[in-house]
Amino acid sequence: MSSVAICVDDLSVSYGSTPAIRGVSGAFEHGSLTAIAGPNGAGKSTFLKALMGEVSATGTIDRGALKARDIGYLPQASSIDRSFPITVADVVCLGAWKHMGFFGGVSSKATIAMRQALQDVGLVGMGDRHINALSVGQFQRVLFARLLVQDAKVLVLDEPFTAVDSRTVHDLTQIILKWKQEGRTVIAVLHDFDQIRATFPRTLLLSHTVIGWGSTKDVLTDKNLNRARALAEQWGESTDQRQYLA
């Protein structure tokens, strides 16, 4: 079996006439932890959406033998409408839909997995609570519980720790490290360089194009970070549609 989980070659995404990312090439190895870092508005979330097939892209994305159910995706929590009347248990059980199908009921196996996942994320007894009553940190724990139920081989996380408390960051980081021990592949957009250096051995530094992709120590250098910031500024000055660049 190939050591590569997902490979991209010359990947580019544009919103209308506005380029978001250009010429991204590289690979995520099976069982690796890779952080995606870069300035705000530099295309990090757009890159993840391209990996997930949520935006049109040119170039190549080779997912090998991975199927849709093998990839778990955690979008930015701020993009999720929490006004819908749904309980914590309902959200977590959604992680099993790729195994049950759209019209399959919640099986006893899925219910057991849901309860275990809530225990793993520290939300025991909160299954009946509505999601609009949760704090930001509690809701992020719910989204991680959904991923645990999905039991995916590859986890794609878009800013999983934004606006959450330090205890939640610690607890969810332990789940990521457990995924690593289990041989899963984790790809995460992160902003805290100290956290990246402490937890993620590999980093993709992105500023609309690849600044560096490899070991975190080699990628997160002052030279590369300065280059990423400068390129982001130049890119922004060349377009009046920066709001489209995630």
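**Figure 1. Thr-87 lies in the loop between strand E5 (71-74) and helix H2 (88-93).** The coordinates are those of a predicted model, in which local features need pLDDT of at least 70, side-chain atom pairs count only at pLDDT 80 or more, and totals for chains, interfaces and linings use all residues. Residues are numbered from 1 along each chain as its sequence is written, and side-chain values use heavy atoms, with hydrogens and water left out. Helices (H or I, at least four residues) and strands (E, at least two) are DSSP runs numbered from the N terminus. Because its relative accessible area is 15%, Thr-87 is buried; buried means under 20%, exposed over 50%, and partly exposed in between, for a 1.4 Å probe and protein chains only. Apart from neighbours within four places in sequence, Thr-87 is in contact (heavy atoms within 4.5 Å) with Gly-127, Asp-128, Arg-129, His-130 and Ile-131.

**Figure 2. Asp-62 in strand E4 (residues 58-62).** Asp-62 counts as partly exposed because its relative accessibility is 45%. Its side chain reaches the backbone nitrogen of Gly-64 at 2.8 Å. This is shown as a polar contact, that is, a pair of N or O atoms within 3.5 Å; within protein, one must be able to donate a hydrogen and the other to accept it, and residues adjacent in sequence count only if both atoms are side-chain atoms. When residues up to four places away in sequence are not counted, Asp-62 touches Ala-5, Ile-6 and Cys-7. Leu-220 stands 158 residues from Asp-62 along the chain, with 26 Å between the two C-alpha atoms.

**Figure 3. Aromatic pairs, of which the whole structure has 4.** The rings of Phe-28 and Trp-213 have centres 5.0 Å apart and planes at 55°, so this pair is tilted. It links distant parts of the chain, as Phe-28 belongs to strand E2 (residues 18-29) and Trp-213 to strand E9 (residues 210-215), 185 residues apart. Phe-28 is buried at 0% relative accessibility, and Trp-213 is buried at 18%. In the pair of Phe-144 and Trp-179, the centres are 5.7 Å apart and the planes lie at 10°, so the rings are stacked. Here helix H5 (residues 136-150), with Phe-144, is linked to helix H6 (residues 166-181), with Trp-179, across 35 residues. Phe-144 and Trp-179 are both buried. Ring pairs also join Phe-28, Phe-47 and Trp-213 into a cluster. Rings of Phe, Tyr and Trp (its six-membered ring) pair if their centres lie within 6.5 Å; planes under 30 degrees apart count as stacked, over 60 as edge-to-face and the rest as tilted.

**Figure 4. The charged end of Arg-82 over the ring of Phe-139.** The charged end sits 4.6 Å from the ring centre. The criterion is NZ of Lys or CZ of Arg within 6 Å of the ring centre and within 35 degrees of the ring normal.

**Figure 5. The largest nonpolar core, with 48 residues.** A nonpolar core is a set of buried Ala, Val, Leu, Ile, Met, Phe, Trp, Tyr and Cys residues joined through side-chain atoms within 4.5 Å. Val-92, Phe-144, Leu-157, Ile-176, Trp-179 and Phe-200 have the most contacts inside this core. Two or more residues come from each of strand E3 (33-37), H2, helix H4 (108-120), H5, strand E6 (154-158), H6, strand E7 (185-189) and helix H9 (222-237). H5 gives the most, with 7 residues. Another core, of 24 residues, lies apart from this one and includes Ile-36, Ile-71, Tyr-73 and Leu-204.

Figure 6. Among the buried residues are Lys-44, Ser-45, Thr-46 and Phe-47.

**Figure 7. Positive phi at Asp-151 and Glu-159.** Asp-151, not a glycine, has a phi of about 60° and is found in the loop between H5 and E6. It counts as partly exposed because its relative accessibility is 47%. Glu-159, also a residue other than glycine, has phi near 50° and lies in the loop between E6 and H6. Glu-159 counts as buried, at 17% relative accessibility.

**Figure 8. Residues 240-246, where pLDDT stays under 50.** The model has 18 contacts beyond four places in sequence for residues 240-246. pLDDT is the predictor's confidence in each residue, from 0 to 100. The mean pLDDT of the chain is 90, and 91% of its residues reach 70 or more. Where pLDDT is low, the predicted coordinates should not be read in detail.
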